[in-house]
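Reader: I am new to this structure, and I would like to see how the terms used for it are reached. Could you show it and then take my questions?

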Amino acid sequence: MLKNRHFLGWLQAAPLSLVLLVFLILPIITIVIVSFWQATEFSIIPAFSMENYQFLFGSPVTYKVFLATFKYAAITWALTLAIGFTVAYYLAFHIRSQTVQIALFLLCTIPFWTSNIIRMISWIPFLGRNGIANSTLIDMGLIDEPLEWLLYSDFSVILAFVHLYTLFMVVPIFNTMMRIDRSLIEAAYDNGASGFQTLVHVIVPLTKPGIMIGTIFVLTLVMGDFITVRFMSGSQSANVGRLISNDIALLQYPSAAATAVVLLCTVLIVIGILLRFVDIRKEL
Amino acid sequence: MDRRPRSFYLLTAFFGLFILFLYGPTLTIGILSFQGPEGGLTFPMRGASLHWFRDLFQEQAVGDIWGAFRRSLALGLMVMVTTVVVSVMGGLAFRKRFAGSGVLFYLIIASLVIPSILISLGVGLIFNQLGLRVHWATSGFGSQLTWTLPFGLLIMFAVFNRFDKSYEEAARDQGASAGQTITHVVLPIIAPSLIGVGLFGFTLSYDEFARTLLTSGSYNTLPLEIFGMTTNVTTPVIYALGTMTTLFSLLIIGAFIVTVWALGRRRARLGSDAGKGV
């Protein structure tokens, strides 16, 4: 009977395991192997050389780029958390009709199912030199010259990140908030807590698992990103993802692979730390 | 109903601004795609026309976007069906512990958090080393599954965590086989969630960029084609394309939501005959 139970599980999990084996595990193994190879201008050569890593860790650019990646991740995290928490709190605790709640929640999630690239492009008419933001500010007399840092800058990169990824905070936080027992909040009020005290001492602690899951999403998406940084900075800023994609464009696969391995380790360490604070299986 | 606290109005205003932030830019390019033939990428509008939409149908102006659209559509459907089937099977598997289930669970999480470009690079390298040609329907398809399957499985986990097992017991007590229980009891109950999984499968595939970048081969999918256009197209035709494909996405999302809603209505109407017998 025991064997039978395992067998059915394996059978049902087989397609999933196969996909993850071929398109997740094997690619990672390949990247790790290739990161020790060498490259000429035209081809890559099997070898066992630490050259790629030596170059990577010996170059000041690497540290600068990793620092920039952490900077993007930290700022985006703080902003998405603040906005995401507020939106989720509003939806979970201030909307009384369930129909309205579902409708507003869907309104927040719909952009997630549309194209990220187009959502990035759509900032151009807003932030550009002659864009809406600049002409409005000039019309209001707040500035005389168009602001140059609105588009193709770190500002626009982070704006796009927040635009694209706040949803990944809203959904898990909202999900956790909806499962908070409402009698706990009544109890807090009955004991004389103000709305703010209830928020800080009851709701925030109980929402932590959702915050953690949102954090995992946002940090990994920002740290692994290369296209948002490239597009929104007008190729002027760099993060680790761009370092990898630049190497790929130059066909320097071993070097790209080495950077990818270091990035993967960094992401996994971050996730490993975050997973200590939350049991994902329990939160679903 | 008691009076709303002042915080309610502040938060409503905040929420309104958030929605404006989410949709404003998309609406802006929606408006600008009707720019007159002389118009540029920003306001002011120089007349209003369908000029740029007409350009979309002329090959020389925009390249092979219709081919890219057809490929993205086909790929999206392939990924959608596969995601639903594999996620349901995986979800069923995880209802009981089996040897290796812990490892598999962490692999699913890993698949979700791994930077997309690693999948793209790794799959590209494997195909390269094996002397295989990358193609959107093979390497591209598999790479996208590593992004859609974790979402599908997380939904299935959530669904099965809330699943009332007494329905299955009732079926079994009445003599249903294991297979009959699944097809006639479990699947109909979870059907609305499967539509949700399908929505994720299709839309995530249809919009995926990074994982298809090095794995789609010489024929671009639509997001790759659009990204290519951003570097060399400087007319509102790119807005017209953005508006068209966003409208298409909205149409798909709307269709899924309406289906879920209709299923819910139908279930409310026909689902239970409790108390109607005797």
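Author: What follows is a set of questions about terms, each answered from a value and a definition.

Author: This is a predicted model, in which local features need pLDDT of at least 70 and side-chain atom pairs count only at pLDDT 80 or more, while totals for chains, interfaces and linings use all residues. Residues are numbered from 1 along each chain as its sequence is written, and chains are lettered from A and ligands numbered from 1 in the order in which they are written.

Reader: What makes α4(B) oblique to α7(B)?

Author: Helix α4 (residues 65-93) of chain B and helix α7 (residues 136-161) of chain B pack at an angle of about 40°, with their axes 7 Å apart. Angles under 35 degrees count as roughly parallel, over 145 as roughly antiparallel, 65 to 115 as roughly perpendicular and the rest as oblique, and therefore α4(B) is oblique to α7(B). The crossing of these two helices, α4(B) and α7(B), is right-handed.

Reader: Why does Tyr152(A) count as buried?

Author: A residue is buried if 20 or more other C-beta atoms, placed from the backbone, lie within 10 Å of its own, exposed if 12 or fewer, and partly exposed in between. Tyr152(A) has 20 C-beta neighbours inside 10 Å, so it counts as buried. Tyr152(A) lies in the loop between α7 (132-139) and α8 (154-165) of chain A, and it has a positive phi of about 55° although it is not a glycine.

Reader: Why is Leu251(A) called partly exposed?

Author: Leu251(A) has 14 other C-beta atoms within 10 Å, and therefore it is partly exposed. Leu251(A) is placed in the loop between α13 (240-249) and α14 (253-275) of chain A, and its phi, near 65°, is a positive value in a residue other than glycine.

Reader: How many residues of chain A are in contact with chain B, and what does contact mean here?

Author: Two residues are in contact if their C-beta atoms, placed from the backbone, lie within 7 Å, and 70 residues of chain A are in contact with 71 residues of chain B. The largest share of the side of chain A that touches chain B, 20 residues, comes from helix α1 (residues 2-34) of chain A.

Reader: Which classes make up the side of chain A that touches chain B?

Author: That side of chain A has 47 nonpolar, 20 polar and three charged residues, where Ala, Val, Leu, Ile, Met, Phe, Trp, Tyr, Cys and Pro count as nonpolar, Asp, Glu, Lys and Arg as charged, and the others, Gly among them, as polar.

Notes:
Axes fitted to C-alpha atoms, helices over the stretch in contact; angles between N-to-C directions. Helix = DSSP H or I, 4+ residues; strand = E, 2+ residues; numbered from the N terminus. Left-handed = near helix turned anticlockwise from the far one by under 90°.
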